[in-house]
Amino acid sequence: MADHLDEKDFEKVSKAIDVSVDEIEIPKSLEPEAIKETLKNVRVKKSNRRKWELAAAAAAVVIVGVGGANARRLSLSEDPAVEKPVALVQTEHTQADDVRTTEAAEEDFVRLDCVGEYHLAKSYEEYEAALPVNDMVYGDAAVFDTGALAESEVKMESAASDRLASDGAEQNSAVKDLSDKQYSTTNTQVAGVDESDYAKNDGDFLYIQDGKKIHVIDVRGEKMEELAVFCPELKENSQIQDIYLDENNLYLIVQEWEDSLEQVGDDRAMVDMDYKYPYYFNRDTSMVLLTYDLSDATDIRQIGRVDQDGSYYDSRKVGDYIYLLSRKDAYRYVPLIDDEKETKKVDGLIPCENGQEAVVDNSDLIPCVNGEKVAVDSIYLRDDANNQLIISSVNVKEPGKSVDQMVVLDSYASLYMSTDAIYLYENDYEWKEQSSEEKSYTKITKFSYKDGRMNGVGATKIRGTINDVFAISEANGVLCVLTTDWMGEETHNQLYLLDEKLDKLGELVDFAPGEEIYAARYIGDIAYFITYHNTDPLFAVDISDPTKPTFLGQIEISGFSDYLHPFGENELLGIGYETDPETTEREGVKLVMFDLTDPTDLKVKDTVVLKGTYSSATDLYKSVFVDTNKNLVGFDVNDWSMGDDPTSYHVYEWDGEKFREKMSQTLEQCCDIGKTRGLYAGDDFYLIYDKGDNWQIRQFDMKKGFAPVKALELTSK
């Protein structure tokens, strides 16, 4: 912020802000709650969920004991007589756990110079020059004249929004052993690649975040009680986004932001503006990873902090490494000059009344990790990008350090992460003059990762666009990709098989004309996928020889499946919608089990249709509960004809031939259907859902036919 405002001017500026804000009539569609509701309901074909631009940072922690006693790791003593609060401990950082350091690159590590359209920056100047230009009309700013306080006019423009974050799932509710107890975990896109969520489970305790604190729920034995409320001391402008849990550590992914009033200059002539003092609001966002040691509930300590610029986009945890992804506005600013009524851009200069020239400083656009600028030789550039994707890695054994950092200047690419590679893919369109048609393509760029180190590998461009997060999958060094291509008024579909460098091995093109791919799964040497127009064909393709993919069989049923999940041997579960074959109008939420015993002769074993028009299972794979060991599937259903409480949750058991309903519960006052979670620990099933002002957890005894045991309403958000 400019440092030459005297106290009188500062008071004027403050009053101007207050008056301007009071006078602005914000459209209801742009109010925070309306935007949140829109983001919840917008369906982006199983690809991306908006990571709300909220934020957080933490230093101290508070633990408020609610019930139970304390001993090992929040698996406290069973002595019911101990009712004292858990101790508050905030340790001072030492050199060993310095939270503001970045690990130096290994001497023998050399990043690949060129990856497809990308190349490493040679200098920060080249990097800044590669950023797209935004006229200096102050993005998400308010510009006003401090000389006319009573009639202050504020102009606001929304900043470029982040692309919705990719969602997907593959091995839901993997079972781990904790002593003699089994429990479910987060449904993920790829086995072995963990994903954050708002609720985590270790078999003894449930950890649920509500934006500002963590609720610890004791589920040992037959009891269910709120044991503690873990309150990291976050900044006012901050919010917990998601959490990870492993062994004795809890990891909080936090978004924090800081708003400030910036002055462009008090004597600079602005084009087509009469403002004497131009100011604008600036928002700086940071993504933060906070690590807490839970080995002793009486001595909970923050042991690490890593922060990086940008808004939270996504994250993954593989082994001992957490990979953090954030996005930052990539636009640089240049001023405007009025030259004989023609507006021109002059890079780096602003005309002043005194004849001097002022320089626009774009240096803060260079992303930082732990307060240090990302090295220039870790920044990948390309010509047509408009956003910065910042990726860093953290070794959980050294949670205060960043192992590696990389910046990719892209155009809001989506993410697929296998067990050894990061794939960024984004849509691309080309206009064909000869046919007067627009062709759709997908650009894929591959980066390897190992022990936290990331490097470029290769890139490719294929026909069509990816509609389902499970349509892209890597196994045994082969990347399989299913796309849908619009050709005029008709659609065509493709299957591509690519090698480790993303060179094409084999393909199937132009199949299922007039339909588009809705869901996919790759199981062993066979690709299964759903296309849809008026009916729902399930296709099976042999990909055992990636150079010669071959159709094996298909089956058509009414409606369509939007989510597919491998279910035991030779079975594939589908969740989607029943539709009218003539009108395609939805008639209910559909559960179907496909028989894969003979891929050349696919069959349907059983189908169940529930009254309702929507299930978050079709968009948000983390909301689906599937356990093939217990033969259970759980999901939510929305039926707006039910009035004030349209949301219900259902658990079905698969007996090998038929679906049998085990539990059906109406969720009163359910606020966000996408946050509904079903999970289990031992013999008990727990249903968690958001009631707006608080969370509710319901406990059911699975051995007694899902008989209700207890309901727990958590402390207010």
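How many bridges join strand 35 to strand 36? Four bridges do so, and the two strands run antiparallel. The legends below describe this pairing and other sites in a predicted model.

**Figure 1. Overview of the predicted chain.** The secondary structure of the protein comprises three helices and 54 strands. Of its 717 residues, 56% count as buried. Among contacts in the protein with a separation of 6 or more, 57% are accounted for by residues 24 or more positions apart. Over the whole structure, a search finds 37 salt bridges.

Figure 2. Four strands, in the order 35-36-37-38, form an open sheet with antiparallel pairing. Strand 35 (472–475) and strand 38 (504–511) stand at the edges, and each has a single partner strand, so one side of each is left without a neighbour in the sheet. From one strand to the next, the twist averages 15°. Strand 36 covers residues 478–487 and is joined to strand 35 by four bridges. Within this pairing, Ala475 has Val478 of strand 36 as its bridge partner. Strands of a sheet pair through backbone hydrogen bonds, in either a parallel or an antiparallel sense.

Figure 3. Strand 30 (residues 404–410) is mostly covered, with seven of its seven residues buried. In a regular strand, side chains alternate between the two faces of the sheet. Here Asp404, Met406, Val408 and Asp410 point one way from strand 30, while Gln405, Val407 and Leu409 point the other way; all are buried. Strand 27 (residues 379–381) pairs with strand 30 in the parallel sense over two bridges, and the bridge partner of Ile379 is Val407. Strand 28 (residues 387–395) pairs with strand 30 in the antiparallel sense over seven bridges.

Figure 4. Glu578 belongs to strand 44 (residues 571–579). Its relative accessibility is 13%, below the 20% limit, so Glu578 counts as buried. The side chain of Glu578 is joined to that of Ser558 by a polar contact of 2.8 Å. A polar atom of the Glu578 side chain also lies 3.4 Å from the backbone nitrogen of Gly559. Leaving aside residues up to four places away in sequence, Glu578 touches Ser558, Gly559, Glu585, Arg586, Glu587, Gly588, Lys590 and Val609.

**Figure 5. Glu126 in helix 3.** Glu126 lies in helix 3, which spans residues 124–130. With a relative accessible area of 26%, Glu126 is partly exposed. The side chain of Glu126 reaches the backbone nitrogen of Lys122 at 2.6 Å. Residues up to four places away in sequence being left out, Glu126 touches His119, Leu120, Ala121 and Leu381. Val376 is 250 residues from Glu126 along the chain, and the C-alpha atoms of the two are separated by 9.5 Å.

**Figure 6. The salt bridge between Asp428 and Lys461.** Side chains of opposite charge can pair when their charged atoms come close. In the salt bridge of Asp428 with Lys461, the closest N and O atoms are 2.9 Å apart. Asp428 lies in strand 32 (residues 421–432) and Lys461 in strand 34 (residues 453–463), so the pair ties together parts that are 33 residues apart in sequence. Asp428 is buried, its relative accessible area being 17%, whereas Lys461 counts as partly exposed at 37% relative accessibility.

**Figure 7. Further salt bridges of the model.** Arg305 and Asp307 meet through their side chains in a salt bridge of 3.4 Å, N to O. Both Arg305 and Asp307 are buried. A salt bridge also forms between Asp601 and Lys603, with 2.6 Å between the closest N and O atoms. Asp601 counts as partly exposed at 39% relative accessibility, and Lys603 is partly exposed with a relative accessible area of 41%. Elsewhere, a network of salt bridges links Glu117, Arg382, Asp384, Glu426 and Lys443.

Note on methods: Residues numbered from 1 in each chain as written. Predicted model: local features only at pLDDT ≥ 70, side-chain atom pairs only at ≥ 80, totals over all residues. Heavy atoms only, no water. Buried < 20%, exposed > 50% of the residue type's maximum accessible area, 1.4 Å probe, protein only. Polar contact = N/O pair within 3.5 Å; in protein donor to acceptor, adjacent residues only side chain to side chain. Contact = heavy atoms within 4.5 Å. Pairing = 2+ DSSP bridges. Axes fitted to C-alpha atoms, helices over the stretch in contact; angles between N-to-C directions. Salt bridge = Lys/Arg side-chain N within 4 Å of Asp/Glu carboxyl O.
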